[in-house]
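Please keep the sequence and the structure in view while reading.

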Amino acid sequence: MSATTIHTESPLANPLHRAGIRHLMLHYSTPLLLAAAFLLALGLRSYCLDCHNLWYDEIVYLEAAQRGPLAVFTDRFGWMYNETPWRYMLTWLTAQIADPAATSVFVRLPSVLAGSLLPVVVYALGLELFGRAQGLLAALLTLLSVPLLSHSQEARPYAIIAFLTALSVYSLVIAERTGQGRWWLAFALAASANILHAYAALTMVMPALTPYLLWLLWKLLPRKRASLRPFLYALISMASVTLISVPMLIDIFSVPTASPDPSRLSFSGAANLALKLLHWFTSFGIGGRQESFIQLLFLLLAIVGAYLAITQARAKSVALCGILIAIPALLLALLSTTNIVFERYALFALPFHLLLIANGVVSLFSIAARMTTRTFSGKLLWVTASFAALFAVSTFVLGAANYLQPNADEKAMYRPDFRGAAAYLEPHARPQDTIIFADEPSLGYAVSQFYWHSNPPAATFDARDPRLFAHTPRGNIYWVVSTLDLDLLARLSAPEQDWAEVARFDRVVVLREDAQPDSLLARMDRFTTKIATLDPHYKPVLILRGGINQARGNVAQATRDYINAGTYYKIADEYLLAATGYLALGQRDKAYREALMSKFLKPDDPKVHAWLAQQLRADGYIAESMMEEQLASALRTGR
């Protein structure tokens, strides 16, 4: 009997078994990776969440929300119209958990959660638009992005807008592919929540999505033997979003604002703003030409990603990302013709830029894999793809590290530590002392008053306040100075300046000047001269000089100072309207605060000086009121 040899085959040697194992690995590894991405994003966004004080914009909107639900629905004024009532309601609810002056964690928590969920949605979008690897890389870049990290740690609407926009776009993409009504419902809910949460969703996001929505309606329009149901789902979904938009549009148009001027829009201006926006999308806190070069490389990667996607029959994905980047940039350029605009208004477009970058990196690997690595061109492409991947990930890691370090570069994060300065002054400043905020921009007075619960330890003034020189100091003066120019701040607080005491905080210094017999006007003159000597081109010096000449009765020179200072930002009118609103509520201190902010932003505006003249007279500052009236008249005539 002959021996029989039985051959057994390992399951791993069978291609079907190997494919099954790969499928299982992908099936279970993806949820684990997404869970890890969410937890890592949550950790990064929660890290040191309360290390930095609430910023000015956070505080003024928080103050507005704390007026209560009735007020935010029925009595908004000035810049309070910049946020929807529902956004104020969310802020009001989170502020009920704990005093925001004691901890900012709860009022910032909605942004933290939205920012942490965004990488998960970006992965899902990337999977649908370009592929799994692109989705994973884009999610990682989203997780580490400095602008997204920064706005995920603020009690402002931008991180939530970015999350809801990505979610609504993902729902649209799935609805188009599947035709299922539940995804049209998901789009309607996400888009409506976005519109109710922030006006930017209505004025920036929806116009960017409109071309895609119109294309979808045309595509789903019933043809012969085509089902009517997908078209009806789309129509009902879009109609419901439109119904939500109507009252919000009425609310927007009820606010007196400067309309954009299309005649002032130029191609070069729009292109420059678009490039500026794309550079901001890839900011890492490095600064200088080095960061500009890195941003250019990322722009090239995005262009490569768009081109390669088109060659891979993914032109629709590129078009979707393109309109969500290009249209907001064009809208910002249009708005900038009459208003001040900030890159953060288009933060929601950033993930779509990252998707194009991710596709550029992954597509290079895909092409290299199809080419033989034995050829020189194949090896070169493989090295290029490897470098692109390493460059992208390492640069974003560096950016996140720069953002999270205690003394992050102001290009990554600018949050002067007025909370620390206020905490220092509380035990040090005596009732007979005087605290003067001479900061640029003029934000410290409002932030510090918030942390003092409007009960400062000594008489406190903004340096631009005309009431300042009617005050007679009896003790020390504490000058609180903050500026974007860190070198000037260091030289101003150096030992050779002979301050009695210097307390340094992040981008803020408190300079103590001991009691002296001369007037506050003379001391302000010396302080201003000291800054002007250190930096003759320091713009706020002109406003301080204007106040000094105004107090001396030199209207002609004060007028020239204010005219030469020019406009800092174009949003001064909003603050003056807010001042009038606070005045109607009987909150005169906040009314003056808003008017002085308007004066800092646009010192050559006669309306500001006329407002101050009226209120100063009502408060018994007759000489100061007369001077403001003369200034308003001189500024109207330009003399």
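A salt bridge is a side-chain nitrogen of Lys or Arg within 4 Å of a carboxyl oxygen of Asp or Glu. The model is a predicted one, in which local features need pLDDT of at least 70 and side-chain atom pairs count only at pLDDT 80 or more, while totals for chains, interfaces and linings use all residues. Residues are numbered from 1 along each chain as its sequence is written, and side-chain values use heavy atoms, with hydrogens and water left out.

**Salt bridges**

Side chains of opposite charge can pair when their charged atoms come close. Over the whole structure, 30 salt bridges are found. Three of these pairs are set out below.

| Pair | Closest N to O | Residues apart |
|---|---|---|
| Glu58 and Arg108 | 3.0 Å | 50 residues |
| Asp525 and Arg545 | 2.6 Å | 20 residues |

Helices are DSSP runs (H or I, at least four residues), numbered from the N terminus. Glu58 belongs to helix H2 (residues 56-65) and Arg108 to helix H5. Both Glu58 and Arg108 are buried, where buried means under 20% relative accessible area, exposed over 50%, and partly exposed in between (1.4 Å probe, protein chains only).

Asp251 is buried because its relative accessible area is 19%, and Arg76 counts as buried because its relative accessibility is 9%.

Asp525 is in helix H20 (residues 520-534) and Arg545 in helix H21 (residues 540-551). Asp525, at 18% relative accessibility, counts as buried, but Arg545, at 22%, counts as partly exposed. Elsewhere, a network of salt bridges links Asp57, Glu154, Arg156 and Arg344.

**The largest cavity**

On a 1 Å grid over the protein atoms alone, a cavity is a set of points where a 1.4 Å probe fits but cannot get out; lining residues have an atom within 4 Å of a point. A volume is the space filled by probe spheres set on the points, which are joined across faces, edges and corners.

The structure holds four cavities of 30 Å³ or more, and the largest has a volume of about 70 Å³. Among the residues that line the largest cavity are Tyr56, Asp462 and Arg593. Helix H18 (444-451) and helix H24 (588-601) each supply at least two lining residues, and H24 gives the largest share, three residues.

Terms used. On a 1 Å grid over the protein atoms alone, a cavity is a set of points where a 1.4 Å probe fits but cannot get out, and a pocket is an open set with protein on both sides within 12 Å along at least five of seven lines; lining residues have an atom within 4 Å of a point.
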